[in-house]
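Take a moment to look over the sequence and the 3D structure shown here. Then we can walk through a few parts of them together.

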Amino acid sequence: MLEEIEDRGGPRQALLDIKGLKKHFPVSGGMLGKKQVVRAVDGVDFGVAKGETLGIVGESGCGKSTTARLLMHLIAPDAGSIVYDGTPIGRDLSLRELRRRMQMVFQDSYASLNPRLTIEDSIAFGPKVHGVPDAKARELARDLLGRVGLKPETFANRYPHELSGGQRQRVNIARALALKPRIVILDEAVSALDKSVEAQVLNLLIDLKRDFGLTYIFISHDLNVVRYVSDRVLVMYLGEVVEIGPVDEMWTNPRHPYTAALLASMPTLDPDRRTTQAPLAGDPPNPIDPPPGCRFHTRCPHAEPVCASTRPSLADAAPNHAVACLMHAANSGHSKAGTMLEAS
Amino acid sequence: MAIATEPLREIAIVEKRRGYWGTVGRRLVRDPVSMICAGILLLIFLSAIFAPWLGLADPFRGSMITRLRPFGTEGHPLGTDELGRDMLSRLIYGGRLSLLIGILPVFNAFVIGTILGVIAGYNGGWANSAIMRTIDVFYAFPSVLLAIAISGALGAGVLNSIVSLTIVFIPPIARVAESVTTSVRNLDFVDAARASGASALTIMRVHVMGNVLGPIFVYATSLISVSMILAAGLSFLGLGTRPPQPEWGLMLNTLRTAIYVDPWLAALPGVMIFAVSIGFNLLSDGLRSAMDIRN
Amino acid sequence: MKPIVSVRDLTVSFHGERAVHAVNGVSLDVMPGEVLGLLGESGSGKSVTLRALMRLLPKKRTRIGGSIEVAGQDVLAMRDDQLSNMRGKVVSMIFQEPALALDPVYTIGEQIAESVVRHEGKSMKEGKERALEMLERVRIPSAKRRLDAYPHEMSGGMRQRAMIALALACKPKILLADEPTTALDATVQIQILLLLRELQAEMDMSVIFVTHDLGVAVEICDRVAVMYAGEVAETGTLAQLVRDPRHPYAQGLLSSTVLGATRGEKLTTIPGAPPSLSTPPQACSFEPRCRFAVASCAAKRPPAVALGERRAARCIHAERTADEKIATLEAETA
């Protein structure tokens, strides 16, 4: 059997520490066109504490899914360091070992299961790769099926196309847990599910987190879901982190204008208090050619000339709460610089 | 832990669980066109294999007196050829060589082309460029011309035509294998397998092969008819089988002179080639739709 | 006032390798100038109902029953030429994926102008003028330049605006919207919803808006029909449905939403999954998942219980509110 992964640095040490993560994808501009790049992830720093759920939100093209794949090294980062529980990836921690400690659940429940393998084979594959004998791996797979709420005797020998979306996503969760990881990255894992099924899977995820002592990175475009599951939230915009902080504080007092706009864009559930004014105009800009300075300045209601030239860096606005906005940086040249700090 | 289990949606068929290929087989069996084709092909195959035990006339013994007899002649139900040899017997014996040089090259190319295509498709990058560009060189020639050129260079003979046809069919199969592999490779389950720490070889074996072999196999089946026709063409040009060996393409060639005397007789080998290629084509169509189980 | 869309006992079934009874007896009324939301999960029959209104379903495999009347005309009896006259002029439709609904080889301006020329017999020049007017109306910045843009040159939100402009170019009386904001980002979705609300009021259109998202429905609809397994489980005004849902499915849908749920507390869920619909329903289709079900629920289809003007729920318990039902249930188990 796979041995449990022991904790090294104690509860105070971050489970993951990411610095300067960067990935630019080349896009060919035709035979004669100049070489362009999509700045999918452009210098991202954050930490993940042991046992927490870190939500990552942002609109399409903001780089949240790329960040997930970079963490798993499914795509190779151009730059940046990932330190796992005090150990940098490299000599002391191989990729293979990192991947045992960190697993991922994808959005498309059908595409993420091999259609030619039975459910049991799919779950048992990972442990077998890590040297667990076939019979043991199958036993583990059946046990996990039970843990995710699928009767092993009914489901073990079925094929993915015979299951509903919710059931398949449960299988994907079981597969991710088969290597006994400490971190599970949930990349839009409930987004494709119907609301009533989504609630079932969310309940399951919360139970599993407690039972297995997991840490989640929960990526979603649905702010309501993120609020429900996360302890801290990280907001991305065009490949950069604009704000990171505790979820309740973020919801009651968003520091970055983009976070505020994102929250205000959520439909209300009150027929008498419909949204009357769209918080932002226009679409997110193209990440091939992001605006200079603060990337949000083209849509920001508080933008000033300085925002177009100075790139704000992520700095603490409150304990455990960082924001990248010139309004929150003292002496930045923005007319509201510093005032927001006092206000909050 | 109280987790609400979704009851599995009712599946009306109450029967033993079968695997993917079991389901495909059942669907194929239910398709009448495929089954008729399979029946005809099986008949042709079995008769070719068991030809010596069928009590047929000697396919090599001719007689100058009984040349080009029409259908229904006593002792020669399908008449005789230009040297007075029994047509029925030659057609059945001819199947042995014709089917061999029709199917064996495709099988060889299926094995080699799949390996090349899967390696190119899974790895991408320079491995892909190296393999696929080399293959493109062969692709640049029309297949008939390529087969003739290679056969001509290697010299006439059954073995050489098999080799030349194999070379002709590797590029198209490798191409299909590469494109299918590329699309499978981009699916999340391959990423999930990579994320579990499996090696490229394991992933190719467990996750890629199972998903690409089907489509490649279907494509290869459809090439058998082309192969039959090319092989017949090579024999027709004198680059394949040598007389007096019975082989459909060669027979078509030698009977050509009789076309004004008895056109029906002259067409018989062509009918056999036609029947086998159509049979394989329709069967591969049936297989394709049977394999598409995603409701 | 007479309803502009009137659907009675609509049934739609598909007959391919396997039969699917997608819509099973749907009746709907939409008044002029009203926005009706069809709310339901995937497979509830909401999109099929919408497509049936324009007869956009594959002819060969589909069987349609019941009656559909749009602007006083019997849609199911229409000939093909009458249908194409109606589409775009009387009834227009917008889709989830504008990239698929717009023709990639023509510019936005050409597509709008072409529609105006075809339906109103105007000249191409007038058509182009209308196109510009429409692009300005849907607030596409620098509309004049965008007239000559191809769909792929626009961003997702702009494309959706362009599709709305195309759909409304001939001033239809009814707009059918099939999840038009689902594929959009949150900040863009709200812009499009507000735009639709504004255009609807300005042009006094009736809108049928299909969505799976309760929040979206709240932002745009006057009335809502909650669909389940090809039936209308409950209809009423938006406020009635949000505040006092009567059908157990509608109640479950509202309570299983994560909005307002407290972290760490379990979400209330509807157990199980929807039925397969391979046969038409003989009983209440929600019965297997319903906590209030009694023996008669599994025996026959419940009637649509009227609960006041234009408000009904297909449940034998419809007259009691959610709290009352739970109280009775708890009293029984105690």
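What follows is a short tour of chain B and then of chain C.

Keep in mind that this is a predicted model.

**Chain B as a whole**

Let's start with the overall make-up. Chain B has 10 helices and 0 strands. Read it from the N terminus and the order of elements is simply α-α-α-α-α-α-α-α-α-α. The C-alpha trace of chain B spans about 90 × 50 × 30 Å along its principal axes. The chain has 295 residues, and 42% of them count as buried.

Now zoom in on a pair of helices in chain B. One is α3(B), which covers residues 87–123, and the other is α10(B), covering residues 263–291. Their axes come within 11 Å and cross at roughly 25°. Are the two helices roughly parallel or roughly perpendicular? Angles under 35 degrees count as roughly parallel, so α3(B) is roughly parallel to α10(B). As for handedness, the crossing of α3(B) and α10(B) is right-handed.

Here is who makes the contact, helix by helix:

| Helix | Stretch | Residues in the contact |
|---|---|---|
| α3(B) | residues 87–123 | Met87(B), Leu91(B), Gly94(B) |
| α10(B) | residues 263–291 | Leu265(B), Leu268(B), Pro269(B), Met272(B) |

Sort these contact residues of α3(B) and α10(B) by type and you get 6 nonpolar, 1 polar and no charged.

**Over to chain C**

Chain C is divided into two domains: domain 1 takes in 99–171, while domain 2 is made of 246–260 + 267–333. How far apart are their centres? Taken over C-alpha atoms, the centres of domain 1 and domain 2 of chain C are separated by 44 Å.

**One residue in chain C**

To finish, pick out Ala19(C). This residue lies in strand β2 of chain C, which runs over residues 19–30. Is Ala19(C) buried or partly exposed? Ala19(C) has 15 C-beta neighbours inside 10 Å, so it counts as partly exposed. Which residues does Ala19(C) contact, leaving aside its neighbours within four places in sequence? They are Ser13(C), Phe14(C) and Ser278(C). Phe292(C) is 273 residues away from Ala19(C) along the chain, and the C-alpha atoms of the two are separated by 30 Å.

How values were computed:
Residues are numbered from 1 along each chain as its sequence is written. Chains are lettered from A and ligands numbered from 1 in the order in which they are written. This is a predicted model: local features need pLDDT of at least 70, side-chain atom pairs count only at pLDDT 80 or more; totals for chains, interfaces and linings use all residues. Helices (H or I, at least four residues) and strands (E, at least two) are DSSP runs, numbered from the N terminus. A residue is buried if 20 or more other C-beta atoms lie within 10 Å of its own, exposed if 12 or fewer, and partly exposed in between; C-beta atoms are placed from the backbone. Two residues are in contact if their C-beta atoms, placed from the backbone, lie within 7 Å. Domain bounds come from an automatic or database domain assignment. Axes are lines fitted to C-alpha atoms, for helices over the stretch in contact, and angles run from 0 to 180 degrees between N-to-C directions. Angles under 35 degrees count as roughly parallel, over 145 as roughly antiparallel, 65 to 115 as roughly perpendicular and the rest as oblique. A crossing is left-handed if the near helix is turned anticlockwise from the far one by less than a right angle, and right-handed if clockwise. Ala, Val, Leu, Ile, Met, Phe, Trp, Tyr, Cys and Pro count as nonpolar, Asp, Glu, Lys and Arg as charged, and the others, Gly among them, as polar.
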